[in-house]
Amino acid sequence: MPQVKSEGIILKAIDWKENSRIVTFFTDNFGRQTIIDRGGRSMKSKRGRLLTFSRVEIEYFKSEKSGTGYLTEVELLEAFSLEKEGTLGRLTFASAAIELLYDLLADDDPQPELYYLTIQFLRFTDTVARESLLPLFLAYFIKAMSFLGYRPNFSGCVGCGRAREETALTGANGKEGQFYFFTPERGGLVCPSCQMMGEYYIKLQSERLDRIYALQTASLAEAGTVRMNMSEGEEILELLTAFLKYQTEAKELNSLKFLEKLRKAQI
Ligand SMILES: [Zn+2]
């Protein structure tokens, strides 16, 4: 394959021999691509600088023999500074998204919609009010997982297909209100008759489920205006993390460790 042109964001860069780097990109038209940036760490490199958290246009050629890509041109299109009110919170959420993509994307599998969703997410992460960073991230997380084939079902029972309302349980004393059981293993709500011995469930109050459902269906622009208290956000993050853990059982995901940290960091 000769010269290829793509737009992309950097997922990971590892130093390699002789001032070179191995750079993994998420590109708009070819999905995840690992490309060698020869001499990219040298001060003499004439190519544009490769910055993390930025959109770049790249040109590279792919060796037909080995399939290895070699970077030839870089042009910066847009940088996300993530510096507003100190970098820590914004950078942490942006890093979590990048880690997640690095873990879950496949090479040469184009995901243009997810690519543009990610660009949108980085833009909003740069600008939304601090209080909305967590709901924005959660909305992105749910949507990104769906694009990658991990779509949690919050609208009905995963066992028999009963509608959400029919999967509800009511607290013994009536004070607790309605609640639901979510199975990370089967990836959705489960009604009382489809529950199985020994299966792990996360209990969800009715309002909490409404919140998750709203995040799943909201645009990122809408999610970026939502305010959410920390404990609620943490609970939702925990549920999504448990879901992803079960669904990707075979894989060792670094992003899960990252999400754990995010949860404990109390941003
Ligand atoms: Zn059922």
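β2 and β3 pair in the antiparallel sense over seven bridges, where two strands count as paired if DSSP finds at least two bridges between them. That's one piece of a chain with seven helices and 10 strands. Helices here are DSSP runs of H or I with at least four residues, strands are runs of E with at least two, and both are numbered from the N terminus. Keep in mind that this is a predicted model: local features need pLDDT of at least 70, side-chain atom pairs count only at pLDDT 80 or more, and totals for chains, interfaces and linings use all residues. Residues are numbered from 1 along each chain as its sequence is written.

**Overall layout**

- The C-alpha trace of the chain spans about 75 × 45 × 25 Å along its principal axes.
- Of the 267 residues, 34% count as buried. Buried means 20 or more other C-beta atoms within 10 Å of the residue's own, exposed means 12 or fewer, and partly exposed covers what is in between, with C-beta atoms placed from the backbone.
- If you look at contacts in the chain with a separation of 6 or more, 63% of them are between residues 24 or more positions apart. A contact here is a pair of residues whose C-beta atoms, placed from the backbone, lie within 7 Å.

- The chain splits into domain 1 (1-79) and domain 2 (85-267), with bounds from an automatic or database domain assignment.
- Their C-alpha centres lie 31 Å apart.
- Domain 1 puts 14 residues into the contact, and domain 2 puts in 16 residues.
- On the domain 1 side, β1 (3-16), β2 (20-27) and β3 (31-37) each supply at least two residues, and β3 gives the largest share with four residues.
- By type, that side of domain 1 divides into five nonpolar, five polar and four charged residues.

**The barrel**

- Five strands close into a barrel in the order β1-β2-β3-β5-β4, with mixed pairing.
- Neighbouring strands of this sheet are turned by 45 degrees against each other on average, direction ignored. The axes behind that angle are lines fitted to C-alpha atoms, for helices over the stretch in contact, and angles run from 0 to 180 degrees between N-to-C directions.
- β1 and β4 (residues 54-62) run antiparallel and are joined by six bridges; Lys 5 has Glu 59 in β4 as its bridge partner.
- β4 and β5 also run antiparallel, joined by nine bridges, and Glu 59 stands opposite Glu 73 in β5.
- The hairpin of β4 and β5 has six residues between the strands, and Gly 67 takes a positive phi near 80 degrees there.

- Arg 21 is found in strand β2 and counts as buried because it has 20 C-beta neighbours inside 10 Å.
- Leaving aside neighbours within four places in sequence, its contacts are Ala 13, Ile 14, Asp 15, Trp 16, Asp 37, Gly 40 and Arg 41.
- Arg 21 and Arg 41 are 20 residues apart in sequence, and 7.0 Å apart in space, C-alpha to C-alpha.

- Most residues other than glycine have a negative phi.
- Leu 82, in the loop between β5 (69-79) and α1 (88-104), has a positive phi near 55 degrees. Leu 82 is buried, with 20 other C-beta atoms within 10 Å.
- Asp 108, in the loop between α1 and α2 (112-127), has a positive phi near 55 degrees too. Asp 108 counts as exposed, with 10 C-beta neighbours inside 10 Å.

**Helices**

- α3 (residues 133-147) has 15 residues and should span 21 Å at 1.5 Å a residue, which agrees with the 21 Å between its end C-alpha atoms. The expected span is 1.5 Å times one less than the number of residues.
- 13 of the 15 residues of α3 are buried, so this helix is largely enclosed by the rest of the structure.
- Gly 149 follows α3 and has a positive phi near 95 degrees.
- Met 230 lies in helix α6 (residues 230-247) and counts as exposed, with 11 C-beta neighbours inside 10 Å.
- Met 230 and Glu 64 are 166 residues apart in sequence and 51 Å apart in space, C-alpha to C-alpha.

Conventions:
Contact = placed C-beta atoms within 7 Å. Nonpolar A, V, L, I, M, F, W, Y, C, P; charged D, E, K, R; others polar.
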